[in-house]
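Good morning, colleagues. Please have the sequence and the structure open while I speak.

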Amino acid sequence: MFNLTQTQQQDLLTAARLARAQAYAPYSGYRVGAAVLDDQGRIHAGCNVENAAYPEGLCAEAAALAAMVLAGTTRAHAVLVVGSGDETGAGWTTPCGGCRQKLREFGSPDLVIISANGAAIGPSFTLAQLLPDSFGPDHLPPRLPD
Ligand SMILES: [Zn+2]
């Protein structure tokens with residue numbers, strides 16, 4: 001497992017909380033912020049963006065991954081997700097099934113996934129725990145040269 005420093009965890013938490021504050025969630029009221037730590041030590045944040053046509057909404061994790069790709073990196077080491085859980089830790093947010101697969105595209109099964117809320121950092125998982133026996137780009141045959 002990729003070990004995170006206290007500073008990295010705190011920086012991820014700060015970025016995810018700031019992103020959560022920008023969430024567009026007028027329909028569910030469920031605001032989420034996510035922050036991804038890439039292989040260069042940079043942090044990329046995203047928030048959920050809902051849509052009146054519900055399936056067109058975007059998860060915070062997907063938005064953070066898009067920001068990472070835009071920044072020129074395709075390898076993630078960790079993601080921290082801040083949801084609407086209360087201060088007791090009830091209702092810790094973990095990535096939805098679709099986002100677990102999106103994270104698999106850019107991270108190994110050892111990718112660290114940390115849950116947090118407005119008050120504290122909660123439980124941590126590896127992607128393998130949340131998406132066992134996953135399918136990823138390493139399962140595909142080599143591509144032909146462009
Ligand atoms: Zn999701």
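The segment after α4 (127-130) contains Asp133. The model is a predicted one, and in it Asp133 has a positive phi of about 50° although it is not a glycine. Its relative accessible area is 82%, so Asp133 is classed as exposed, the cut-off being over 50%.

I turn now to the metal. Which residues supply the protein donors of the zinc ion? They are Cys59, Cys96 and Cys99, each through its SG atom, at 2.2 to 2.3 Å from the ion. Along the sequence, these donor residues follow the spacing C-x36-C-x2-C. Cys59 belongs to the loop between β2 (43-47) and α2 (60-70), and Cys96 to the loop between β3 (76-82) and α3 (97-106); the pair therefore ties together parts that are 37 residues apart in sequence. Cys59 is partly exposed at a relative accessible area of 29%, and Cys96 is partly exposed at 37%.

The last topic is aromatic contacts. How many aromatic pairs does the structure hold? It holds 1. The partners are Tyr27 and Tyr54, whose ring centres are 5.7 Å apart; their planes stand at 45°, so the pair is tilted. This pair links distant parts of the chain, 27 residues apart: Tyr27 sits in the loop between α1 (6-21) and β1 (33-38), while Tyr54 sits in the loop between β2 and α2. As for accessibility, Tyr27 is partly exposed, with a relative accessible area of 41%, whereas Tyr54 counts as exposed at 60%.

Note on methods:
Residues numbered from 1 in each chain as written. Predicted model: local features only at pLDDT ≥ 70, side-chain atom pairs only at ≥ 80, totals over all residues. Heavy atoms only, no water. Donors = N, O, S within 2.8 Å, 3.2 Å for Na, K, Ca; no water. Helix = DSSP H or I, 4+ residues; strand = E, 2+ residues; numbered from the N terminus. Buried < 20%, exposed > 50% of the residue type's maximum accessible area, 1.4 Å probe, protein only. Phe/Tyr/Trp six-rings, centres within 6.5 Å; stacked < 30°, edge-to-face > 60°.
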